[in-house]
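The sequence and the structure are shown first.

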Amino acid sequence: MPTLRSLLPALAFTAIYAAISLSVSNSYYQLVLTLVPVWAVFGLSWNLLSGYTGLISFGHAAFFGIGAYATALGQIYFDLSPWFLIPMAGLLGGVAGLLIGYPTFRLQGHYFALAMLAYPLAILYVFEWLGFQEITLPIKRDNPIAYMQFGDPRLYTLLALAMMLATILLTRLVERSRFGMALLAIKQNEAAAEAAGINTLAWKLRAISLSGAIAGAIGAFYAVVLLVVTPQSVFGMLVSAQALTVAMFGGVGTVWGPVIGSVILIPLAETLNAEAGSRFPGIQGVIFGLAVVCVILVAPEGLFWKLRDLHRKRSAPKAGDAQQAPASTATITTLQRELRRRPASADVVLEVQNLSRSFGGLKAVQDVSFKLHKNEILGIIGPNGAGKTTVFNLLNGFLRPDRGKVLISGRDMSGQKPHAICEAGIGRTFQVMRPFPRMSILDNVVVGAYVAAKSDAQARQLAANAVSRVGLSAVAGRLAGELSTKELRLMELARALAGQPRILLLDETLAGLGHGEADEVVTVIQQLARDGMTIAIIEHTMQAMVRLVDSFLVLDHGAVITEGEPEAVTRDSRVIEAYLGKKWVAHAPH
Amino acid sequence: MNRRTGSSITRRMLLAGASSAMIVSRTSAQGPSEVKVGLLVPLSGLYARPGTVMREGAEMAVDHINAQGGIKALGGARLKLIVLDSGDTTEKAKNAAQRMVAQEPDLVAASGAYLSSFTLAVTEVTERASLPVLTLSYSDLITDRGFKYVFQTSATAGSQARQALPQLVKLAETASGKRPKTVAILTDNTAASVASAKSMREGLLAENGLQLTVDETFTPPLADATPLVQKVRAARPDLLFFLPTVISDAKLLLEKMNEFGLGQGKVPTISFGIAIAEPDMLQTVSPELLQGVLTCVASWGAKGHEALIAELKKRYNEPWMTQNAISTYGDMWVIKEALERAGKADRAAVAEALHSMDGGPSKYYPLGEIKFDDKGRRLGAGMTIVQWQSGVPVTVFPPELALAQPFWPKS
C-alpha cells in the first residue's frame, strides 16, 4: 500500500499544475494545458500494461478510440451525458482489453506487438464502414454543464488533472502490491514467474483490462475536448504512437515516465506547430523527431531513469562505504560432510508413471517412471541430451507429457499450468539462471512467496525467511543484476523456497561454480533436506552428487537406464558406458 | 529528488509559455487602418498542396481588394491575411483554431479548413468564439449542427450529386444519341465520397432512370485495382462513377481500365471531387488516359475568371485554377462585402452582415447568389462539371460558365 509520503510528489505536482492552469486565461494555452494530462493518462495506461509486463502494445488506440466513439455516439443517439459516458467508456475499454488480451497473450515479444498493432487498424475500418467517418458532439446551449460543455476552459484542465491524479494513484497502488510484483516478474522473465507460482495469464489479463479501462475513459474525455471524432483521430497509428512516445521519452515502467514525457513533448510539439508551422511548413515534425531521437540516444530507458541513475551515481560513494562490510557476500559455516543415512520414508510425495514426450521424431523422454519419497534427495544424472531438464519441464508444467502421469501426493497433476503445479507444492530453479535483474534480492524472492501468502506483509515475511535460510540476509537489498553466480544460485533457491514447496526441483544448481562455492551451496541444500524438504536435483558434478544424494536416477536417450543407491549406480557398467563410452567399461572397478 | 526535478522543469516551461503568450498579444495590437482576416488551412503534411493553393487564392484576393482601395466603409482600411497551419490531423486543426481565436482577438472572419473533418473541428472552436467562418468544405454535417457562425459557400455533398446527375444523363444522351441505363460506382470510404455515393444509391440513380450494376467501396490507398476493374468489365455499365480522394488511386484505376480495354471513353468515367483534376495528376498519368474524364466539383475556374486564371498561372506557376484557389479567392471578397455592410471591424457585426447579406448573383462561386439561408448554406449554390481536354481540366457545365464544349467519349 502506498503511504501518504510516497504520494506527496504526485499531490504536489498536481496542485502546482492546477495553480498554473488556473492563472492562464489564454484559451489556446489552456487547451495545451488540458492535453498534457490527457496524453499523460494515455501514456500511463500504456505503461500499466507494456511498461510493467514488457509486452509492447502498438495498439492502445483501440481502447482509446472505443472510449471516444462510445461517448460521441452515446450523446448523439441516446442523448447521454459524458459524465455518465466516460465511466461507461472505461468499462467498455476494460471489456475490450479482456477480449483482445485473451487471444493475443498467446503470442510473445514482437509477435504480440504486431498483433496489437492490428486491432485499432481493423476497428478503424469497421467504423468507416459503419459510416462514422466524421461525427461531432452536439452543442448543448441550454444545459451545457450537464453535458460537460464548459464555458471556462480551465475546468477541462482540472478535470483532466483529476483523471491524471487518479491514474497515478492507481498505478502506485498496483506498483506496490502483489499485482505490480507479478507484472514486473512477468516482464523480467515470464517462465520464471510462472514457475514461481504466478498465474501469468490471469495477471496479464487483469493488466490489459485495467489499462484498457483507463485508455477508454481518457479517450472518452478526449472526444469531449476535441468535439469531433474521426476514425483517424482516435484509432489512427499516430494515437497509438503518442502513448509510446510520451512513455518511452519519460521512462518506461515508472509512474513518472509518461507524465514527464507528456509535460515536455506536448507543449513542445504545439509550440513548434504554432511558431514554425506557418513559416516553414513541415519543419515542426523534423525538429520534434530530432529532439525525440536525441533524448532516446542519450537516455535509452527514458529521462526518468537517466536522471535517477545520475542521482544515484552522485550519491554512490557514500552508499558504497556503508555497504562494504556485508558486500563480502554470503558466509556460510561449512557443515560436517557426513553421509546422510536417513531411513527412507515410506511416504511417496511424487510419483511419475510412464512419462513420455517427443519433439517431432526425437523421443526426448520415454516411459520414465520413478517415485520420490518424503525427505529424500534424488539425483538425476545422465550425459548431455539425456532428457534430464525435459523431465523437470514435464514435472513443473512447462511441457505437457504426450503420455504418462505425474502424481503429486497422489493427485494427478500432469498437463497442468506451471503456476498450478507450484501451488501444489513443487518449486524449481533453472539451469540457466532467471533472475529479475532490476529488482532487489528480497523482491526477487517476494515474487516467489506470493503463491503461499495471503497478504503482502506475509509474502515479505516468507521471503525474508527464505533469504535467511540460504544465508543471503546480509545482502538482501542489492539488485539481482549485481550479484555473483553463487549468490544468484542461492537467490533462486530462496525464491523457490519462499513459495513453501514440499518438493524442490533443482536444475544444475552447481553449474558454473568454483570448488569452494559449490561446497557452500551443497551445504545449504543438505541443511534443507535435514529440515524436511524433498529434493530432486540434476547435476553433472559427480563428486558433489555422490556426497549429496540418497539415490540416483540415470537417464540416457530419454529413458531410465538404472536407479538405486549412489555406490551401486556409479559402478554400473551401463552408466559408465553412457557417460564415457564402451571402452571405459573394461577399466571400471568391479 | 528526481521527482522534484520533473516538476520544476514543468514550472519553468509553463512560465516560458505564459510569457511568450503576453509577447504575442502585445505585438498583435495594430493600427486601426488594418482589418485582420484569418486563413486556417493545411500547410504541412498530407494536405499541404491544396492548402497552399487556398493561400494563393486568398493572397490574390487580398491584394486585389487592397489595390482597389480596401474597405471603403472603414475609411479604406486594408485587409491583412493571418495564415495559420491546420496541420494534418483533426487535433492539430482544432488546436490551431484555438490558437487563432486566443491570439488573434481582433480577427473579423476566417476561411478554412479544406478537409471537412478539419472544418468540423475548427468550427466547433470558432462557433464558441463567435467568429464567422466561410468554408468550401461540403459535408452536409457542417451546416446541420445549428451553428450560427459558419457559412458554406459550396453546394453540400448531397446536393451536388442531385444537381449533377440529370446534367450528366442529358450530356450523355445528346452526345452519344442514347440514354445511359446502367451505372457502376467505385468509391473510396472517405467522408465526402461516401456522402456522394450514398445519395446516389438512395434514390438519385432511380430518379434518373439509372440502374446500379456494380457497387464497390474500397479503402485508400489501393494496392491493386484489378479486382475492381474486372467487375466493371464483366458488367459493362454505360457510366462509371469513380470517387477517389487519393491521386494514386485515380492513377491506378485509370491505368488498369486502359489495360483492360475500358479506358479512353470505352466506359465513360465520371468522378466527384477535386482529386482527379489536381495538377499533380499529370505528374503520374498521361494526358491521353485522362482525356474525356469528367468530374463534378463544387467550384472551378470558369468563364469570367480568365484574368484570374492567367494571374494565378503567372504569379504562382499553377497550371489551372482549381476549386481551392477560386473559392478562397471568393471568400475574401464576401468578407470584404460583409465588412462594407457592417461598417465596423467587429466579428459580431460581420456575422450579422453575412446573415442578412443579399449580394446578388455570385461571381466567384458557381451559380446562385451571395446570400445565406438560416443554416448558413449559400442560396442556389450550384456546381461545375469539369472535363479533361488535351491535358487540362476545363469547366464544361453549366453552359453560362463553360470555357469549352463537353464532348462524350465515342466508344
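Two residues are taken to be in contact if their C-beta atoms, placed from the backbone, lie within 7 Å. In this predicted model, 44 residues of chain A are in contact with 45 residues of chain B. On the side of chain A that touches chain B, the elements giving two or more residues are α1 (4-23), α2 (27-53), α5 (109-129), α12 (256-276) and α14 (303-323) of chain A. The largest share of that side, eight residues, is supplied by α12(A). Sorted by class, the side of chain A that touches chain B holds 27 nonpolar, 13 polar and four charged residues.

Chain B contains an open sheet of five strands, arranged in the order β2-β1-β3-β4-β5, with parallel pairing. Because β2 (78-85) and β5 (150-152) of chain B each have a single partner strand, they stand at the edges, and one side of each is left without a neighbour in the sheet. From one strand to the next, the twist of this sheet averages 25°. Within the sheet, strand β3 (residues 107-112) of chain B pairs with strand β4 (residues 133-135) of chain B in the parallel sense over two bridges, and Ser111(B) has Leu134(B) in β4(B) as its bridge partner.

Helix α4 (residues 116-128) of chain B packs on this sheet, where it touches β1 (34-41), β3, β4 and β5 of chain B. Helix α13 (residues 347-356) of chain B lies across β3 and β5 of chain B.

In chain A, six strands form an open sheet in the order β8-β9-β10-β5-β11-β12, and here the pairing is mixed. Its edge strands are β8 (426-428) and β12 (559-564) of chain A, each of which pairs on one side only. The twist of this sheet averages 20° from one strand to the next. Strand β8(A) runs parallel to strand β9 (residues 503-507) of chain A and is joined to it by three bridges; Ile426(A) has Ile503(A) in β9(A) as its bridge partner. Helix α23 (residues 573-580) of chain A packs on the sheet, touching β11 (551-556) and β12 of chain A.

| α4 (116-128) of chain B | β4(B) | about 165° |

Technical notes
Residues are numbered from 1 along each chain as its sequence is written. Chains are lettered from A and ligands numbered from 1 in the order in which they are written. This is a predicted model: local features need pLDDT of at least 70, side-chain atom pairs count only at pLDDT 80 or more; totals for chains, interfaces and linings use all residues. Two strands pair if DSSP finds at least two bridges between them. Helices (H or I, at least four residues) and strands (E, at least two) are DSSP runs, numbered from the N terminus. Axes are lines fitted to C-alpha atoms, for helices over the stretch in contact, and angles run from 0 to 180 degrees between N-to-C directions. Ala, Val, Leu, Ile, Met, Phe, Trp, Tyr, Cys and Pro count as nonpolar, Asp, Glu, Lys and Arg as charged, and the others, Gly among them, as polar.
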